[in-house]
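Q: I am new to this structure. Could you walk me through it, feature by feature?

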Amino acid sequence: MHNRLNMIGPWLRRRLGTKVSKIGLNLNLGCPIEQMGQRCLYCSPLASGKSGEPGSISRQLHPITCKGQNERLWLAYFQAHTSTNASASYLRPYFYEAAFYPGIRGIIISTRPDCLSHEHWRLLAELRRQGLLCWLELGLQSAHDHTLELIGRGHNVRCFAQALRSAQDLDIPVVAHVILGLPGEDIRHTNFTASWLAEQNIWGVKLHSLMVLKDTGLEKMWREGRFIPWTLEQWISACAAFVSRLPDSVTIHRLSADPGPEQCLAPAWIKHKANALNMLGNFMEKNNITQGREF
Ligand code: SF4
């Protein structure tokens with residue numbers, strides 16, 4: 001399947017000439033939505049911050065200096081919760097320490113589109129000028145405002161588009177996070193989201209498949225029969241159609257989520273990621289689907 005998609009792994013290897021891995025960093029910043037006493041419908045307090053234990057940057061980055069790890073290059077990935085949920089002056093020393101740690105070749109910052117001030121943009125532009133690989137991961141989830149409202153994202157599509165424009169003006173690549181299988185959505189909705197992102201000249205896309213996690217609003221909807229997770233076949237068709245609508249220059253960072261087995265209640269197929277990806281590959285092969293075919 002990978003010869004049909006512009007996956008980020010091979011892209012990084014071509015760019016840096018060797019194997020590149022990410023190391024997740026956690027600044028324990030929480031998220032503005034949680035701080036207002038809410039949560040996105042599908043978000044579990046355990047799952048949203050699973051990038052390793054918070055601690056000093058050097059302690060979190062220490063594993064990359066251990067024996068056998070120096071054969072590859074690393075990207076510092078500020079992944080947990082909302083990584084700009086603090087002032088730029090607070091974040092600066094953490095971002096710089098990570099960016100210039102031995103073995104680190106780049107920095108990735110994952111955040112919400114409504115959590116970026118002028119000062120954050122200045123800091124990101126500064127990091128970008130250091131000659132490091134640097135990109136921003138922004139949650140979109142869906143290009144439909146009614147879905148964003150239903151899942152309680154707390155921002156709309158316009159907010160994402162504005163953040164994307166700001167990043168593009170500063171030449172900062174953006175990876176959009178999108179969820180396939182959101183309540184009320186079918187393949188027509190996800191096709192629209194893919195085409196919309198392609199029109200916005202997105203640099204990268206990270207796809208998640210919606211799963212029902214314990215202690216979430218989605219669990220309640222599912223138990224009450226108000227939400228039915230997509231079948232594996234639905235996900236395969238939608239995922240293949242999604243990537244076919246993206247130009248082949250767009251980097252694909254993930255096709256399906258990695259569920260924590262104790263937290264994930266449904267759908268059952270999602271727990272067998274390798275099998276799902278294998279079936280997706282067979283489907284794309286059989287139907288001659290490649291990234292960009294429908295762009
Ligand atoms: S999904 Fe992200 S933005 Fe939504 S509540 Fe969880 S941590 Fe916050």
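The dialogue below moves from the whole chain to single residues.

Q: What kind of model is this, and how are residues numbered?
A: This is a predicted model: local features need pLDDT of at least 70, side-chain atom pairs count only at pLDDT 80 or more, and totals for chains, interfaces and linings use all residues. Residues are numbered from 1 along each chain as its sequence is written.

Q: How many helices and strands are there in the protein chain?
A: Helices (H or I, at least four residues) and strands (E, at least two) are DSSP runs, numbered from the N terminus. Here the protein chain has 11 helices and 9 strands.

Q: Why is the chain called as compact as a globular protein of its length?
A: Compare the radius of gyration, taken over C-alpha atoms, with the globule rule, which is 2.2 Å times the number of residues to the power 0.38. The radius of gyration is 19 Å, close to the 19 Å that the rule gives for 295 residues, so the chain is as compact as a globular protein of that length. Along the principal axes, its C-alpha atoms fill a box of roughly 45 × 45 × 40 Å.

Q: What is the order of the strands in the open sheet?
A: Strands of a sheet pair through backbone hydrogen bonds, either parallel or antiparallel. Two strands count as paired if DSSP finds at least two bridges between them. This open sheet has 7 strands in the order β1-β2-β3-β4-β5-β6-β8, with parallel pairing. Its edge strands are β1 (20-25) and β8 (251-254), and each pairs on one side only. From one strand to the next, the twist averages 25°.

Q: Which helix packs on the sheet, touching β1, β2 and β3?
A: Axes are lines fitted to C-alpha atoms, for helices over the stretch in contact, and angles run from 0 to 180 degrees between N-to-C directions. Helix α4 (residues 88-99) touches β1, β2 (73-78) and β3, and its direction makes about 145° with that of β3.

Q: Is strand β4 largely buried or exposed?
A: A residue is buried if 20 or more other C-beta atoms lie within 10 Å of its own, exposed if 12 or fewer, and partly exposed in between; C-beta atoms are placed from the backbone. In β4 (residues 133-141), 8 of the 9 residues are buried, so the strand is largely enclosed by the rest of the structure. Over the protein chain, buried residues make up 41% of the 295 residues.

Q: Which strands are joined to β4 by bridges?
A: Strand β3 (residues 104-111) runs parallel to β4, and 6 bridges join them.

Q: How many residues has the largest nonpolar core?
A: In soluble globular proteins, nonpolar side chains tend to be buried together. A nonpolar core is a set of buried Ala, Val, Leu, Ile, Met, Phe, Trp, Tyr and Cys residues joined through C-beta atoms within 7 Å. The largest one here has 79 residues, and those with the most contacts inside it include Val174 and Cys239. Helix α10 (residues 232-244) gives the most to this core, with 7 residues. Not counting residues up to four places away in sequence, Cys239 touches Leu180, Leu207, Leu255 and Leu280.

Q: Which residue has a phi near 50°?
A: That is His81, and the value is positive in a residue other than glycine. His81 lies in the loop between β2 and α4. It is buried, with 24 other C-beta atoms within 10 Å.

Definitions and conventions. Contact = placed C-beta atoms within 7 Å.
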